[in-house]
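Q: Got a model I'd like to go through with you. Can we start with how some of the helices pack, then look at the pocket?

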Amino acid sequence: MINVKNIFTLVLLFCVFQIFAQNTIGGTATKVPEAEVNRQSKFIDAERERLLGHFDKAAEQYKQFLYDNPDNAAAWYGLARTYTSLKDMVNALDAIGKAAAADAENEWYQTYQADLYEKVGQVKDAVRIYEDLTKRFPQMREFLERLAYLHVLNGDPKNGLKTLDRLEKLTGITEETADKKHIIYLGMGDLKKAAAELQKLADTYPHTLEYRHRLAQFYTNTGDKNAARKVYEDILRRNPDDPDAQLAVLQKSGSDEAYLQSLKPLFQDPAVSLDAKVKEILPYFSKMNAGAGAGLIQALLDLGQIVEKAHPDDPKAWSLSGDLFYYADRREEALSRYRACIKLNPTVFSVWENALSILHYQKNYDELLRFAEKAMDDFPNQATAYYYYGIAATEKGNPNDAIAQLEQAYLIAGNNLPLRLDITDQIGLALLRKKDLPAALARYEQSLSKGGGKHAGILEHYGDALYQKGERDKALSFWQQAHKIAPTPALEQKIASGKL
């Protein structure tokens, strides 16, 4: 399809052809010789074919024109672009080289040549071209930016930095140059100079506190808490009401619970970034997992609920609060928050996974089936979604449907051995529900030497299959092995009674 731009170009070419057809000398219209008209016509025909996307035809017509006009730079340039469209990079480079040689003053031929060199991996040649261009056009910032990029791409970050220094002499320190130099220094592993670039940017624009926040965050991310604190203190001297800085310099004193209580006013402030609040909460998840006291847990839950109110439209707020309730073993309240998070942003699978695990824990198989099916549609490469679907389908009395999805989950799981063992266990259960005892026994037996011998679920349910086969003593042995790994009341009952 011809776009509007191409139609305009074709019209322009036609007008040019008309101009070529006659000329005015001394006010008198003078006809141009027919040979010249034919020559120009051939060039215009080639251009037209290229614009129409008829690249094979265009290439032939350019070559015919160039046979008689070997020094026509514009035709070599058109041929180079045609070969590029045909993905014939060897001939494209040859053609653009001849265009640049025929018209050495045309910088755009050279930039195109450099682009082609970059595409074929001849970065050093592209660097050479831009070094020449920056000497010829020292005020052209775009050429300096490109040269700096090519130096880094060529594995020469030091010359990339020197080029950016040249650019800064032209433009002054800008966010763009500072960021590029910062990234180069990071790549070189020089954290001190990387920080110095952010500091220069912040000092150049003292009223743009965002740059100081960026510097503080850099220090935080690299583990230099003292330097980060100094930057935040500097921010507060400039703006005592800056909420993120207030949170960052807050001194921890007394118990964890007292400290968390002191955070409430700042957490209530929507102006304090949610990321800063999350950063304050994250260290406490490990304490919750280790069995924190009721007071500490309640203080964390309070902060989670405050965050919900301060940032009601941010999915991360609901995810954070949901995780807090999840770790506090208050699953129903966690689930409602995960639902809110998914409604705002359905693209984070970890939230879906937690919600699925809660529905499984609740034995809400109707909802688990619907939720897992939606997760499979939205995340076709996530084995856990298929796994939970298999659990729900099995419990809903559809073992064949369950097995089909579980087999798919097993393939997707790849090298994730713990998940593959969970899936194997569930396939075995589905086969037992299907009353295919030989297949269930075979599945469990095959898994024992592949990690299943240390998986409590596989050991227990293999024992169940053996019991159904009539091998009660052997079944009891596997139940006991499972009990040593993960004791449950159901296992204890089986062991005590010696039967299912």
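Q: Which residues in α11 meet which ones in α12?
A: L191, A194, A195, L198, Q199, L201, A202 and D203 in α11 meet Y211, R212, R214, L215, F218 and Y219 in α12. Contact means heavy atoms within 4.5 Å. This is a predicted model, where local features need pLDDT of at least 70, side-chain atom pairs count only at pLDDT 80 or more, and totals for chains, interfaces and linings use all residues. Residues are numbered from 1 along each chain as its sequence is written, and side-chain values use heavy atoms, with hydrogens and water left out.

Q: At what angle do α11 and α12 cross?
A: Roughly 160 degrees, and the axes come within 8 Å. α11 is therefore roughly antiparallel to α12. (Over 145 degrees counts as roughly antiparallel, under 35 as roughly parallel, 65 to 115 as roughly perpendicular and the rest as oblique.) Axes are lines fitted to C-alpha atoms, for helices over the stretch in contact, and angles run from 0 to 180 degrees between N-to-C directions. Helices are DSSP runs (H or I, at least four residues), numbered from the N terminus.

Q: New spot. How close do the axes of α19 and α20 come?
A: Within 8 Å, for residues 294–310 and 315–327, crossing at roughly 160 degrees. So α19 is roughly antiparallel to α20.

Q: Which residues meet there, between α19 and α20?
A: L300, L301, G304, Q305, V307 and E308 of α19 meet A317, W318, L320, S321, L324 and F325 of α20. By class, that contact has 8 nonpolar, 3 polar and 1 charged.

Q: And α17 with α20, what angle?
A: About 15 degrees, with the axes 11 Å apart. That makes α17, therefore, roughly parallel to α20. L274, D275, V278 and I281 of α17 touch K316, A317, L320 and L324 of α20.

Q: On to the largest pocket. How much space lies in it?
A: About 820 Å³.

Q: Which residues lie nearest its centre?
A: H360, D425, Q426, L429 and H461, out of 29 lining residues. The elements giving two or more residues to the lining are α22 (349–361), α24 (383–395), α26 (417–433) and α28 (456–469).

Q: How many of the lining residues are charged?
A: 8, alongside 13 nonpolar and 8 polar.

Q: What counts as a pocket?
A: On a 1 Å grid over the protein atoms alone, an open set of points where a 1.4 Å probe fits, with protein on both sides within 12 Å along at least five of seven lines. Lining residues have an atom within 4 Å of a point. Grid points are joined across faces, edges and corners, and the volume is the space filled by probe spheres set on the points.

Conventions:
Nonpolar A, V, L, I, M, F, W, Y, C, P; charged D, E, K, R; others polar.
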